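Student: I am new to this structure. Please take me through the chains and how they meet.

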Amino acid sequence: MIEIIASILSYFPVIGLSALGGLLSQKAGVYNISIEGFMAFGTLAGLLGYYYTGSLWIGLLFGFILLMIFGVLLAFLTVSLKLDQIVIGFTLWFFAEGLAGFLYPLLVPGGFKVPDRFGGVFGFDSIFFLTIVLFALAFIIFRWTRQGLAVRVSGESPAVADIAGINVQKTRWITVVLGSGLIGISGAYLAVHILQGFNYMMVAGYGWVAFAVILFGRWSALGVLGGSLFFSALIGIQTRMQVAGILFVPSEFMVVLPHIAVIIVLSLAGILGKKSGMPSALGIPYKRE
Amino acid sequence: MNVDLNKLKSWALEVAVIIASIVLVLVITISISGLDLGRAFGVFISSTFGSTTGLLFVLRRATPLIIAAVGLSVAFTSSFWNIGAEGQIALGGIATAGVCLFTGLTGGIAIAVAFIASFLFGAGYAGVAGYLKAKWDVNDIVITMLMSLVAIALLNYLIAKPWYWWEGPSGLYSRTAPIPASEQMPALAYPLNSMFIVAIAIAIGAHYFLSKTQIGYKIRMVGDNKMASMVSGINPIKTMTLAALISGGICALGGTALVLGEYFRLQGGITGMYGFFAIPIALFCRNKPAVIPFGAFLVAIVMEGALSLTSVGMSNRLSDVMLGTLFIIIFLPDLIKALKRRLS
């Protein structure tokens with residue numbers, strides 16, 4: 001039984017880590033629209049890490065570090081230069097996705113398959129627990145620490161943060177870069193542990209699911225954790241049913257069932273829900289008066 | 001005629017920077033792929049603007065780009081982020097193929113009905129997302145993006161199962177039967193099709209609609225400042241939904257262009273990233289439908305040239321890297337301005 005639950009939740013680290021990464025920067029007031037593209041580049045990074053060292057952990061580390069570099073780019077363009085976060089997000093999405101597809105065949109001629117997986121207990125692998133720990137950490141940091149407060153205030157009212165002596169730009173830089181790194185880990189994990197190889201556009205919209213989970217979770221760490229569990233369970237059930245040959249709709253639609261669920265849930269949440277916990281200064285560059 | 005010389009200068013500079021950057025990216029990607037620079041550029045030029053056939057191929061490729069980018073510009077003007085043009089093109093293709101293959105209509109009537117059906121399909125798609133955004137502030141980016149994955153799944157399903165055309169044991173692709181010659185848009189000069197003229201007409205029509213009509217004015221008002229538009233008596237919910245409907249409808253006609261003007265059937269991958277390439281075109285042309293054909297022409301050169309380079313051993317992902325790069329280049333002027341502000 002517990003093994004079945006574990007296999008249903010196998011996509012949890014993918015959705016959870018990328019949603020957490022996106023949440024981190026959104027909490028401080030910066031959109032990361034590029035989750036899908038950053039995950040795509042994370043898949044390349046993870047596979048390269050494994051290809052060169054034979055270690056799954058180094059694969060994830062590659063994802064973390066390389067995507068922090070993309071995070072630096074995103075932070076520089078949106079936080080320092082104050083360019084439009086949505087437009088820059090699109091830019092980096094396509095750039096990262098295309099670059100991953102372009103570089104993989106050059107760096108790994110002929111391609112390869114990862115023969116290894118992360119170990120764990122009861123079918124839950126170590127990254128599953130790592131993701132839970134990171135969520136708990138995020139919850140604690142946001143709620144009870146000075147740093148967490150600095151992040152929240154920077155996202156809610158940067159002018160107040162500035163008066164209180166919080167360095168808004170620095171806070172936003174750190175959250176964007178760290179958040180991008182987490183998204184990189186998510187992509188790397190998807191590539192080395194779940195799909196175990198490279199395909200162009202293999203992230204298949206999961207980055208957008210993660211983005212939706214942030215809205216669905218109303219910008220709270222616990223909400224996003226719940227949303228990640230829920231939507232990764234949908235993906236897991238869909239995958240298992242497809243493998244088992246149980247199709248109540250044609251297979252072409254099975255693949256997008258989680259996406260359809262996101263559309264419906266997000267719309268209903270918008271129609272029925274009270275106004276959300278969206279950070280007030282989300283998407284607005286901070287300019288000192 | 002009163003031409004603003006400074007404006008013209010800055011525009012010319014922008015175009016020059018874009019072309020220089022495209023060349024630079026090509027040099028870098030060709031070099032790291034280990035190809036011969038001179039030969040690769042020769043192929044690139046002769047297959048795009050260096051020959052009549054190349055030029056016609058570029059114009060054909062520009063056709064769905066013009067239509068989709070014009071469609072997006074209507075939504076963007078109202079500040080509705082419709083990024084689902086890819087899915088709207090898929091739906092438009094489905095509607096078009098459905099009408100021409102399965103309704104029993106023939107000739108010009110079939111073409112006319114296909115255009116209408118395509119428009120309605122796309123309008124429905126984007127209209128739902130537009131209404132959700134306008135009325136309840138449901139995130140438009142996520143909804144339109146995810147809906148396009150669903151639309152493409154529908155296309156893949158139709159060509160694989162109910163609309164699958166069995167062409168004997170040699171058949172390789174999942175695709176529908178060909179559309180009869182009487183229901184195809186007439187050719188201009190092979191490979192260019194009269195859909196190109198339709199695309200230009202749509203651009204001109206949209207330009208007139210956005211800049212000269214009252215509804216167009218309302219759409220611009222809502223996009224500029226929702227609060228101010230409400231004060232002046234405009235209903236932002238109605239207006240944004242209308243912009244979304246029109247936007248989705250026009251984008252879907254891009255699918256009609258592909259089915260009736262290029263492939264003459266529905267097949268996998270027909271949307272070809274046109275819907276995504278249309279986003280930077282619309283943004284770069286500042287959502288001005290009259291300028292969009294020129295932007296689309298430039299992007300079509302890049303797409304066509306990148307494709308031609310695969311024949312000399314370039315990765316077929318080049319055009320996607322170019323897409324990301326194009327986006328960055330497009331914002332170079334803003335970038336330079338922002339950098340200057342920082343340095344001073």
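Student: How many helices and strands does chain A have?
Tutor: This is a predicted model, in which local features need pLDDT of at least 70, side-chain atom pairs count only at pLDDT 80 or more, and totals for chains, interfaces and linings use all residues. Residues are numbered from 1 along each chain as its sequence is written, while chains are lettered from A and ligands numbered from 1 in the order in which they are written. Helices (H or I, at least four residues) and strands (E, at least two) are DSSP runs, numbered from the N terminus. For chain A the count is 13 helices and two strands.

Student: What radius of gyration does chain A have?
Tutor: The radius is taken over C-alpha atoms, and the globule rule is 2.2 Å times the number of residues to the power 0.38. With 289 residues, a compact globule would have a radius near 19 Å. Chain A agrees with that, at 19 Å.

Student: What percentage of the residues in chain A is buried?
Tutor: A residue is buried if 20 or more other C-beta atoms lie within 10 Å of its own, exposed if 12 or fewer, and partly exposed in between, with C-beta atoms placed from the backbone. Of the 289 residues in chain A, the buried share is 52%.

Student: Is helix H2 of chain A parallel or oblique to helix H10 of chain A?
Tutor: H2 (residues 12-27) and H10 (residues 206-216) of chain A pack with their axes 8 Å apart, at an angle of about 55°. Angles under 35 degrees count as roughly parallel, over 145 as roughly antiparallel, 65 to 115 as roughly perpendicular and the rest as oblique. H2(A) is therefore, relative to H10(A), oblique.

Student: Which element gives the largest share of the side of chain A that touches chain B?
Tutor: Two residues are in contact if their C-beta atoms, placed from the backbone, lie within 7 Å. By that rule, 36 residues of chain A are in contact with 40 residues of chain B. The elements giving two or more residues to the chain A side are helix H5 (85-107), H10, helix H12 (251-254) and helix H13 (257-272) of chain A. The largest share, 13 residues, comes from H5(A).

Student: Which radius of gyration does chain B have?
Tutor: Chain B has 14 helices and two strands. For its 344 residues the globule rule gives 20 Å, and the chain is close to this, so it is as compact as a globular protein of that length. The radius of gyration of chain B is 21 Å.

Notes: Axes fitted to C-alpha atoms, helices over the stretch in contact; angles between N-to-C directions.
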